[in-house]
Amino acid sequence: MTKNYREECLDSKGEQCTVCDTLEDIIVHHIDGDRENNDLSNLIPVCKSCHIIIHTTDSQLQEWSEQLPETAFINRTIDRDSHTPTYDISRGSLNVLGVL
């Protein structure tokens with residue numbers, strides 16, 4: 001029986017999140033977004049929380065921000081201990097944040 005792409009990735013690259021180093025809830029992410037491209041160079045192990053953040057695009061955040069009053073913005077963070085993403089709506093000046 002041959003290994004599936006998930007098993008190959010985790011066997012080769014380990015079962016630790018490439019983004020936050022957790023060992024919990026590890027899945028395999030397709031770097032180029034093409035789920036048919038299962039080449040090992042296109043796969044990385046990530047936890048479910050980081051995977052959600054990876055797939056939350058700047059355009060989605062921009063769309064949410066546009067629905068807020070002019071003085072508000074959305075701040076996306078991930079808690080390093082619980083690996084939980086949070087989205088804070090704040091009022092004040094906009095700070096440009098990096099995106100994973």
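Helices here are DSSP runs of H or I with at least four residues, strands are runs of E with at least two, and both are numbered from the N terminus. Read that way, the protein chain follows the pattern α-β-β-α-α-β-β along its sequence, which comes to 3 helices and 4 strands. Keep in mind that this is a predicted model, where local features need pLDDT of at least 70, side-chain atom pairs count only at pLDDT 80 or more, and totals for chains, interfaces and linings use all residues. Residues are numbered from 1 along each chain as its sequence is written, and side-chain values use heavy atoms, with hydrogens and water left out.

Let's start with strand S2, residues 43-47. Here 5 of the 5 residues are buried, so S2 is largely enclosed by the rest of the structure. Buried means under 20% relative accessible area, exposed means over 50%, and partly exposed lies in between (1.4 Å probe, protein chains only). In a regular strand the side chains alternate between the two faces of the sheet. In S2, Leu43, Pro45 and Cys47 point one way, Ile44 and Val46 point the other way, and all are buried.

Next to consider is its partner, S1 (residues 26-30), which runs antiparallel to S2 and is joined to it by 5 bridges; two strands count as paired if DSSP finds at least two bridges between them. You can trace the pairing residue by residue: isoleucine 27 stands opposite valine 46, and histidine 29 has isoleucine 44 as its bridge partner. S1 is mostly covered too, with 5 of its 5 residues buried. Ile26, Val28 and His30 point one way from S1, while Ile27 and His29 point the other way.

Across the 100 residues of the protein chain, 28% count as buried.

Now for some charge. Side chains of opposite charge can pair when their charged atoms come close. The structure holds 1 salt bridge, meaning a side-chain nitrogen of Lys or Arg within 4 Å of a carboxyl oxygen of Asp or Glu. Lysine 3 forms it with aspartate 11, the closest N and O atoms being 2.6 Å apart. Lysine 3 itself is partly exposed, with a relative accessible area of 46%.
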